[in-house]
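These are my notebook entries on a structure that I looked through step by step. I began with the fold of one chain and then turned to its surroundings.

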Number of protein chains: 2
Amino acid sequence: MVKSDYPDAEIGAYIPDIWNPLSAQQRAFLAQHYTIHKYKKNETIYCEGENPSHLICLLKGKVKIYKEGVGGRSQIIRVIKNNEYFGYRAFFAEEDFVTAAAAFEPCTACLIPMDIILELLKENNELAMFFIKQLSKDLGISDERTVNLTQKHIRGRLAESLLFLKDAYGLEEDESTLSIYLSREDLANLSNMTTSNAIRTLSNFASEKIIAIDGRKIKLMDIDKLRKISKIG
Amino acid sequence: MVKSDYPDAEIGAYIPDIWNPLSAQQRAFLAQHYTIHKYKKNETIYCEGENPSHLICLLKGKVKIYKEGVGGRSQIIRVIKNNEYFGYRAFFAEEDFVTAAAAFEPCTACLIPMDIILELLKENNELAMFFIKQLSKDLGISDERTVNLTQKHIRGRLAESLLFLKDAYGLEEDESTLSIYLSREDLANLSNMTTSNAIRTLSNFASEKIIAIDGRKIKLMDIDKLRKISKIG
DNA sequence: ATAAAACCATGTTATTTAGCACAAATGTAG
DNA sequence: CTACATTTGTGCTAAATAACATGGTTTTAT
């Protein structure tokens, strides 16, 4: 609702992947229909079972896509950063959401009704190719993740999650601190383990000088070693 | 190479999902470039790390898509049946294969070079929508599977695999025998467990009269109970 | 500022699952 | 048909992980 921060004239700069392929006319059409929303920290963006209606492009902040499993345990499936799109898979598959989305931290997002996207897809193949490519990449990542989460041991899974967070959200200026601060519980849900085991394994990594922890701040001290641990499982 | 069994004139009937959206001209173009291949039982169709080049439509037989994990264990990611397409994800993502494919039983497939598909995609949006929808469905299944394989216990995972095989390949005329005969090892690889545990759990199900086993033949005797076991994990 | 709630840390125990060994059954090649 | 390889079945042991309990610490809300 705070379009002021993201003036219409510049919207294209914030959603380049779907804006660039469009013709002038298509851009005008899109510009008429998008809206800007803000989400508070920990706010739910959509829930499992809901009906998908909008393509969401994250302009600012960090989002988790997760799934409630058996016995209250939840599993983080993927994470979203700046300029990434989500919320559209279920619509294309003609299903309700099988995952939920929530904000790790305060977020701003651009929402575009899926009907509008469908209209654009009918006339613009380059846009269709964007979605085909994106879905293909995500499917590869998901397949990879299935094996990693099922076959690796705790240390391997946690090491992998730390590297995953580094790749997803990068490091701070010191080139070693993860620029996302997660609760131990979220870290556990990302790594398919209990909170206790996330805490314990994190402490072990710290005493082995592979990482350094200061509350929720995590410094990666020995990335090669993390890679090795992640690789051997 | 045995086009005889699948005469050119009828090819459209075998690959309807991508044939129907095409114009007459596009169909002619496609007909010029497809080939028919046969695969023997257990033959590898493609390997992890290879470069994807063809869209494959399975005309006859059953195929597994799997991934070698840590320590020689392999994980079956999904299975393919008649009239389903595979082999294209990696191409669209511009990656090498992250999975491998092999024939469960003797197979016949129609291969179409991905370049040809790309050409057709440029001019045909309906075809693009087919891939968007298919990839979206597969991604949902993959996400679902990640949670099922990681959070459920052995009995839940095996029950789920049996139901999964029923949905994928159906039952024989008796309405209860799975119409695919897998080795215990494949069943284990599908369910993320060791072969011993697959054997053991299968025996347990049999003594509980939930299934009946006769070699590799598996009869589902109490599907409701299987669903319940799968659900509670 | 203070109370309440959520989170972090660590030790102990219980459960689940993998790993191994070996025998029996089945399939396969010559 | 026979010999050999592979698959299946079963029991036992070891390892990995979850579950629980408790106390300290930080965050949040009022």
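I counted the secondary structure of chain A and found 10 helices and 10 strands; helices (H or I, at least four residues) and strands (E, at least two) are DSSP runs, numbered from the N terminus. I note that this is a predicted model, in which local features need pLDDT of at least 70 and side-chain atom pairs count only at pLDDT 80 or more, whereas totals for chains, interfaces and linings use all residues. Residues are numbered from 1 along each chain as its sequence is written, and chains are lettered from A and ligands numbered from 1 in the order in which they are written.

**Chain A, overall.** I looked up the extent of the C-alpha trace, which spans about 60 × 35 × 30 Å along its principal axes. Of the contacts in chain A with a separation of 6 or more, 68% are between residues 24 or more positions apart; a contact requires C-beta atoms, placed from the backbone, within 7 Å.

**Chain A against chain B.** I recorded 40 residues from chain A and 41 residues from chain B in the contact. On the chain A side, H6(A) gives the most, with 21 residues. That side has 15 nonpolar, 13 polar and 12 charged residues (Ala, Val, Leu, Ile, Met, Phe, Trp, Tyr, Cys and Pro count as nonpolar, Asp, Glu, Lys and Arg as charged, and the others, Gly among them, as polar).

I traced S4(B) (residues 63-68) to S5(B), to which six bridges join it in antiparallel fashion; strands pair if DSSP finds at least two bridges between them. B:Lys64 has B:Val79 as its bridge partner. Five residues lie between the two strands of this hairpin, and B:Gly71 in the turn has a positive phi of about 65°. S5(B) (residues 74-80) is largely enclosed by the rest of the structure, because six of its seven residues are buried.

**DNA strand D.** I listed 18 residues around DNA strand D, the closest being A:His153, A:Ile154, A:Met193, B:Ser183 and B:Arg184; near means a C-beta atom, placed from the backbone, within 6 Å. H9(B) gives the most to this surface, with five residues.

Notes:
Buried ≥ 20, exposed ≤ 12 C-beta atoms within 10 Å, placed from the backbone. Contact = placed C-beta atoms within 7 Å.
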